[in-house]
Amino acid sequence: MQHKLLKKLTAFIVSAAMLIASGGCAEEEKVPEEKTVENSVSRTADNSCTLMIYICAADLESEYGCATADINEILYGYSDSNLNIIIQTGGTLEWQNTVISGDRCQRYQVKEDGLELVDDTLGQQNMAEPDTLSDFVSYCTDNYTASRYGLILWDHGGGVIGGYGYDENFGGESMSLPQINQALDNAGTHFDFIGFDACLMATLETCLMASYHADYMIASEETEPGCGWYYTNWIESLSADCSLSPEVYGKQIIDDYVEYCYEDSPSMYSTLAMFDLNAVTESLLPALDSFSSDCSEQIAQGEYRVISQNRSNTRAVYQSDFDHIDLYDFAERSDTESSAVLAQAISDSIIYYRSTPNGSSDYGLSILFPYYDLSAVDEMTQIYDSLEYDTAYTDLTESFANVMAGGQISISSFSNTHNDIDENEYSEFSWFDAEDWYDDSYYETNCADLSELEVTDSDGQWVLELSDEDWEIVNDAAMQMFAVGEDYYIDMGLDDYCEFDDNGNLIVEYDQTWVALDGVVVPFFYEDYIEEEDYFLTYGYVPCIYNGEDAEIIVAWDSENDGGYVAGVRPVYDESVAAKGLYEVQDGDTFQLYYDIYDENLEYLDTITLDDEIFTVDGEITVSYEDVVSQLGNTFIYYVLEDVYNNTYFTESIWYEE
């Protein structure tokens, strides 16, 4: 069927003929026709500075022109001075301007009248290869010698495991933290600061890597909007006075970023922080070691549940699949003396931090703590080893993973979890030690009796009744809703809504309404809830094919828009990189909904789209909750419970028939 969606939003995608400057206002194109010089001219005054900007432009440029927009911001801020700005371009299938080539990497110097091509001999290099980065840094150091250096890595980011970059010309490859370390090691240049204009890179692990090569690091622990950093003002300041300290222009970078992001993408929560890398290694890392040792001792003494619940309740950064958590929030959830020292060390390591007003409980620095994906523990340990950091923190995560694995294996042998885990699932991992679990008696005692989650009638309502002791083992609960097809069930999504009756029983019912876009009920999957003082934000996604690409429509509710709104569209990547921002819905866009279908035993069958269900955007998209009976017919729901070992359990289903 053809369904027209409504809401006209301002397009921020940059065309080849028009570049976007501050505030989303159109300016004349400042990128000139390319000029090639045979020999670069460097400045070597005592207060000279060479800023290296490594732009692996990816689909952010080929689809949306984001790199072109940022280069334009740089050009508008630059004035002739002791500041050398050298840009390496690459990693994208196509540039949205008439100057930069998409079929090869190039190096440009920023000049007052535009970009000057200084090296066109590179060919098509893989921007995710360490040698490509190290060669760029060496080139800049050799040809633009200065008293101070800065490096910005521009593109997608995937945090600790995903690393940096997404080269469209080489299958979306990225560069891991050890590879970045190798590249910078080979180049041998020390930087005033290393900046990541990329998502999810403000992690402790990134700081440890950068500490070998720089005094400061600037990065975001959250995802960045597509607009990324705003360059004009701080480039103007540094052009005027290259002797400015990194703390001064770093603060300006952060202030401009937060203000510009909130103006450009008000539906996104954005953060940026500057770290003193010496404080990270000298104070923060020892504090983390002490804290980790205390947590490991708690696990050894049979208090795994405490650590698991602290981990589960800690603010997760972006999607839970990345397993990043806010380190300060994690420390705050423990009441040990070492946790207070750790929290203070985190604060002391952060030179400056800001977030947009639609805030959460983020504090600026995240850390990888594998919880949903235990396979990441080995890779994480290898990263620490490659950086030559032998920490108590990796011991903690290995011990935690081993007890969690033991809980999944042991409990599945005497309880109806839906994990069906045995030792073979984990035997390939180095951290797994079958002799080092708690014994079965511990797991039998420290687990909820969730094998038979029977739903009973209580005063006319279907409820799940558990003891207080059982609820203490439950970390999470959410409601799943299915529509009944002719010979399969359709997964319509997951909602975190939980309501309890006066007796403390979970009510296993729903009002037979579901999230709808312009009146059409859609598959919707809850993702996060943020509440701080008098502000709240909750959001989830609708899976779809958007303009021919896999994507998710983000639907949100907040304190100013409690009726709901479409916040934007998020691309989906197979690789472990985060989508950089939400892209605005525009008239003429088309999408088809994805539906996961299951057999009568709730075994996954396939993911489908409906050929006659093509939605075309034509104005405002309205968000509402609509009656499912008239649109979907028969439905059923159940609740999914997750225990401290990440085992999942399903309640009995409650059916609703026409």
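Let me begin with how residues are classed here: Ala, Val, Leu, Ile, Met, Phe, Trp, Tyr, Cys and Pro count as nonpolar, Asp, Glu, Lys and Arg as charged, and the others, Gly among them, as polar. What we have is a predicted model, in which local features need pLDDT of at least 70 and side-chain atom pairs count only at pLDDT 80 or more, while totals for chains, interfaces and linings use all residues. Residues are numbered from 1 along each chain as its sequence is written, and side-chain values use heavy atoms, with hydrogens and water left out.

With those classes in mind, the lining of the second largest pocket has 11 nonpolar, four polar and 10 charged residues. A pocket, on a 1 Å grid over the protein atoms alone, is an open set of points where a 1.4 Å probe fits, with protein on both sides within 12 Å along at least five of seven lines, and lining residues have an atom within 4 Å of a point. Among the 25 lining residues, D59, E63, Y64, E549 and P571 are the closest to the pocket's centre. At least two lining residues come from each of β26 (549-558) and β27 (561-571), where strands are DSSP runs of E with at least two residues, numbered from the N terminus.

Turning to another set of strands, β17, β18 and β21 form, in that order, an open sheet with antiparallel pairing, and strands pair if DSSP finds at least two bridges between them. β17 (455-458) and β21 (506-507) are the edge strands, each pairing on one side only. Four bridges join β17 to β18 (residues 461-464), and S458 stands opposite Q461 in β18.
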